[in-house]
Amino acid sequence: METMSWGAELWDQFDSLEKHTQWGIEFLERYTKFVKERCEIEVNYAKQIRNLSKKYQPKKSLREEEESKYTSCRAFLMTLTELNDYAGQHEVIAENLTAQIVSELGCYIQDLKAERKSHFHDGRKAQQHMENAWKQLESSKRRFERDCREADRAQQHFEKMDADINVTKADVEKARLQAQMRAQIAEDSKSEYSSCLENFNQEQNQHYHTLLPLIFQRIQEMEERRVEQVGTCMRTFSEVERQVLPIVGKCLDGMSRAAESIQPQADSQQVVECHKSGFEPPGDVEFEDYGLKRTASDSNLSHTRSRSKSKLWPFIKRNRLSLKLGSGPEDLSHLPPEQRRKKLQAKIQDVDRHIQKEVDEKEALTKMKDVYLKNPQMGDPSSVEPRLAEICENIDRLRLEAQKFEGWLAEAEGRLPVKSDPPRRQSGPYETQNNSSCAQDRESPDGSYTEDQSSETRPRSQSHEMDDEFEDEEPLPAIGTCKVLYPFEGQTEGTMSVSEGELLHMIEEDKGDGWTRVRRNDEDEGYVPTSYIQASVDTSAQGAVTYI
């Protein structure tokens, strides 16, 4: 489409263009305010979504842990996680709109105002010049008109004096000279007026055909750039949201997958696992004859049998289950047999994990101590003794606790611990006696079984002894290589300083304490943080290494 020139078509609409361009700036400011409010809405929406997700996140309570076993609850947790990510995308929208539209428009509006001010200043200056030229032309015109009238009056006065016979010759001559002077002044005014008129016409032609069109063209270009900027911002407004749609779609897909992961049959089975008591349904109730023909001995016998008859579990569980979950005795005897067995198994597994963690740490410290003994310059062997003593005490305590739970588990499973097995003892300088006070008389839910203290514990088949020292006559072979990701300054004994990007031989993996043993050029060796390196383990070499 051919663009019409403002200079040619709107040469007399300077004030209208000034108002229009001012309206254009106000429109930009209004659009900027609109985008700002949209950003605030997105931020507030994201905040409310995050608060909603946080509000319904499961608390770290025993009840919530039980509920997390159901697929519907896990699906709801996945939905909350995806919803939190969904809220993050609305925050991204707000950030991008602010950076790409609000900030840029703010700077653009300031530049636009300055440019507009410059163009209209030039236009008003040109208009003022034309007004001054017009005033000068009018002044010369009025002067020429006045001088012409004066010349006519002087000529008429001379002719009147010349026709009067009573006037002296001198007066006539004086009137003639005055008429000639006025005529000459009128002629000069005419020349000046003609010159001013010619200059004005030239300046007016230049003003309306050259200068003003140039100014209007610049204003037109400025206005077209403003309109183009509006279009760019509007496209950005939609593209910013379009960019996050793939991630939003993934969040929604995650919610759909969470819904599809719900398994009603699995939840039904979980209800059985959580609430199964392990008791058999009660049998038939025997008929008790209260007829008049009963003998006294039969009556006493029946009464004694009735009193000695234990209550059935469905009628006593209300009292036993009235305790809140986690508030019952330590041996969990307040729970039904099946639930008690599962809880005890879970506790034993948890204690085993803690024992294994302590054992791994003890093994790592023992090896470090041996390294210090062989290489005193790397560290003081006595510096690890306090921690070793503490770990040994923790292992002893945890093993006693495991024995205690295993004894209760044996009771729950309806079997007695093997009494012929000797009580377990801990090797090493940190030997600890068995805590016999932990074993207490326990009663099964139906009150039919009680065991003494000696049968409370039983040995664990997984127990093993750890040597406090190990010997390496030859340097340990490399089990892999590692690349240093971050520089590390080894300021303590036993550690080694490394530089970023350095390649090293790995001779011992991390044993759970966060340190890996490495070697440089078959000479320098020491420990570096595991998180500072990227390790590549040679499985064949790793299988050939044996720690004593």
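Is R124 buried, partly exposed or exposed? R124 comes out as partly exposed, at 39% relative accessibility (buried is under 20% relative accessible area, exposed over 50%, partly exposed in between, with a 1.4 Å probe and protein chains only). Bear in mind that this is a predicted model, where local features need pLDDT of at least 70, side-chain atom pairs count only at pLDDT 80 or more, and totals for chains, interfaces and linings use all residues. Residues are numbered from 1 along each chain as its sequence is written, and side-chain values use heavy atoms, leaving out hydrogens and water.

**View 1. E18 and R124 pair up in a salt bridge.** Their closest N and O atoms sit 2.7 Å apart (a salt bridge is a side-chain nitrogen of Lys or Arg within 4 Å of a carboxyl oxygen of Asp or Glu). E18 belongs to helix α2 and R124 to helix α4 (residues 71-163), so the contact ties together parts 106 residues apart in sequence (helices, H or I, at least four residues, are DSSP runs numbered from the N terminus). E18 is partly exposed too, with 23% relative accessibility. By this rule, the count of salt bridges comes to 23.

**View 2. E273 meets K342.** This salt bridge has an N to O distance of 2.4 Å. Helix α6 (residues 264-275) supplies E273 and helix α9 (residues 337-374) supplies K342, so parts 69 residues apart in sequence get tied together. E273 counts as partly exposed at 33% relative accessibility.

**View 3. E361 meets R387.** Here the salt bridge is 2.9 Å, N to O. It links distant parts of the chain, 26 residues apart: E361 in helix α9 and R387 in helix α10 (residues 385-412). R387 is partly exposed, at 27% relative accessibility.

**View 4. Four charged residues form a network.** Salt bridges link E508, R517, R519 and E525.

**View 5. L52, Y56 and F76 make a nonpolar surface patch.** The patch covers about 290 Å² (nonpolar patches join Val, Leu, Ile, Met, Phe, Trp or Tyr side chains within 5 Å, using residues with over 30% relative accessible area and no salt bridge). Y56 sits in the loop between α2 (14-55) and α3 (62-67), and is partly exposed with a relative accessible area of 43%.

**View 6. Helix α5 bends at H207.** The bend is about 45° (the angle between axes fitted to the seven residues ending there and the seven starting there). At 1.5 Å a residue, the 92 residues of α5 (residues 169-260) should span 136 Å, and the end C-alpha atoms are 132 Å apart, which agrees (the expected span is 1.5 Å times one less than the number of residues).

Technical notes. Patches are made of residues with over 30% relative accessible area and no salt bridge: like charges are joined within 9 Å, nonpolar side chains (Val, Leu, Ile, Met, Phe, Trp, Tyr) within 5 Å. Accessible areas come from the Shrake-Rupley method with a 1.4 Å probe; for residues, only the protein chains shown count as cover. Helices (H or I, at least four residues) and strands (E, at least two) are DSSP runs, numbered from the N terminus.
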